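Visitor: I would like to learn how to read a few local features in a model. Please take them one at a time.

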Amino acid sequence: MTLESQEPTGDHAPSVRGPVFLFWAQIVGNSGLFVGLLLVTRALGPSGRGTVAFLTVTALVTAWIARLGVTEATVVFAAQRPEQRPTLLTNSVAFSATAGVAGAALICGILFAVPAARPHGVGGTELAILAASIVAACLADAGYRFLLGCSRFRAHALITAITSWAYPLLAVVVWAAFGLTVALAALIWAATQALRAALTITVAIRREGGLGRPSLRLLRESISFGLRAWVGTLADSLGFRIDQILLALLASEAALGFYVVAVNLSEILLYFPGAVSTALLPLAARSEAGPRLGQTLRAFRSAAFVTIATLLVGAVLVPPLIPLVFGAPFSASVTPFLLLLPGLVGFTAMVVFSNALIASSLPSLSSIAAVVCFLVGLALDLVLIPFFGASGAAAAASGAYLAGGVCALLIYRTRSPFRLRELAVPQAGDFEVLRALAPLPLTRASFVRRGAQ
């Protein structure tokens, strides 16, 4: 199996194999990230781990802001307009590189000029690494979203596995050779983002037979469409990470370190719903309204059932393991972890129904739930973090995602009416993805190969 191999075909391939590839990519990839984060946490302790989190989160948030929705538009346009894919790829890569450089200059310039806006452990070296991280994250997102729009799920899965396991391997080598510092840990993260960007863009170029001629008309169209979705994506991204920045500013780097461990563990429970909602986007974008509604409800039921089941198991098994795995000081991560769990159901509803709205060419409506989630979360963060630290941030996140999930569901239902009982009553086909998960790693015969386009 090579990075260039074609995606599987068959009657259910798009709706079943897409989530399966993405799910196993997350399992394998996030296992590597978890090992790397464990090494960094053990080496640097709560404060150092918090400072690294500040740098990585700032890089991601800046990349999300700088892209102006162009990569979100690329997903939809690449799915709907195969003949324009080479030009879409050129536009997306060029715009992302330019936006990344501009974003890095602005944010790092502000942090350099205003020392009070950054943690004490962040100096000139760390800011230079942050700048490189922002550019790398922008380019990695461009390559990833183009492959997603082309339904290249297998290529994405392999790249995710390779780059995610490069992180702990580099951490071990650097730790053994030089000792692990905040700057080196952040540099390792930037290097893995750069590797992800290089691989995704290279595979995309090879699959499309090269880069196309850039088109300002198509770029303007992408910006016009993307900006409407970008508002929601930005709000969702900020809501997902802004609490970590606020923790560093309103509490302490140690509180952020405790909270990051809780967040990393809770995110494990979102692998399946994340894979289902991500694979839904290009599939639904190519579908008519009737089939699209069925696909969306099936995706939500599958994701929600798995989320609730893993949530209950995680609430029992994870808390006693946290101090054993991360060390006794991280017992303070247990309460934030438990407080994050209720919000996972809301997150599942929000990502599934928001993606369905984008696929229905309703990017403005898709943004509303994410904006609600962000505003609720920001208000709760400002109220709770000063008094409760990491636990306050966790409670705020749960409240925000529940509000966003309900909002996305109601908005989607106004455009595609359905009975509420359809959200909870299992139907035929709901668990096709679950049945497909087991044989995927066990046999190559399950893949149907085609020649390269």
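Guide: Start with accessibility: a residue is buried under 20% relative accessible area, exposed over 50%, and partly exposed in between. The model here is predicted.

Visitor: How does Ile-308 count on that scale, and in which helix is Ile-308 found?

Guide: Ile-308 has 40% relative accessibility, so it counts as partly exposed. Its helix is α10, which covers residues 289-326.

Visitor: Which residues form a nonpolar patch on the surface?

Guide: Ile-308 forms one with Leu-312, Val-345 and Leu-402. Together these four have about 320 Å² of accessible area.

Visitor: Next, backbone angles. What is the phi of Leu-68?

Guide: The general idea is that most residues other than glycine have a negative phi. Leu-68 is not a glycine, yet its phi is positive, about 55°.

Visitor: Where is Leu-68, and why does it count as partly exposed?

Guide: Leu-68 sits in the loop that runs between α1 (13-66) and α2 (70-80). It counts as partly exposed because its relative accessibility is 30%.

Visitor: Now a charged side chain. Is Arg-118 buried or exposed, and which side chain of opposite charge is nearest?

Guide: A salt bridge needs a side-chain nitrogen of Lys or Arg within 4 Å of a carboxyl oxygen of Asp or Glu. Arg-118 is buried and has no salt bridge; Glu-126, the nearest side chain of opposite charge, is 7.3 Å away. Arg-118 belongs to the loop between α3 (85-113) and α4 (124-149).

Visitor: Which backbone oxygen does the side chain of Arg-118 reach?

Guide: That of Leu-111, at 2.2 Å. Beyond its neighbours within four places in sequence, Arg-118 has contacts with Phe-54, Leu-111, Phe-112 and Leu-127.

Note on methods
Residues are numbered from 1 along each chain as its sequence is written. This is a predicted model: local features need pLDDT of at least 70, side-chain atom pairs count only at pLDDT 80 or more; totals for chains, interfaces and linings use all residues. Side-chain values use heavy atoms; hydrogens and water are left out. Helices (H or I, at least four residues) and strands (E, at least two) are DSSP runs, numbered from the N terminus. Buried means under 20% relative accessible area, exposed over 50%, partly exposed in between (1.4 Å probe, protein chains only). Lys and Arg count as positive and Asp and Glu as negative; His and the chain ends are not counted. A polar contact is a pair of N or O atoms within 3.5 Å; within protein, one must be able to donate a hydrogen and the other to accept it, and residues adjacent in sequence count only if both atoms are side-chain atoms. Contact means heavy atoms within 4.5 Å. Patches are made of residues with over 30% relative accessible area and no salt bridge: like charges are joined within 9 Å, nonpolar side chains (Val, Leu, Ile, Met, Phe, Trp, Tyr) within 5 Å. Accessible areas come from the Shrake-Rupley method with a 1.4 Å probe; for residues, only the protein chains shown count as cover.
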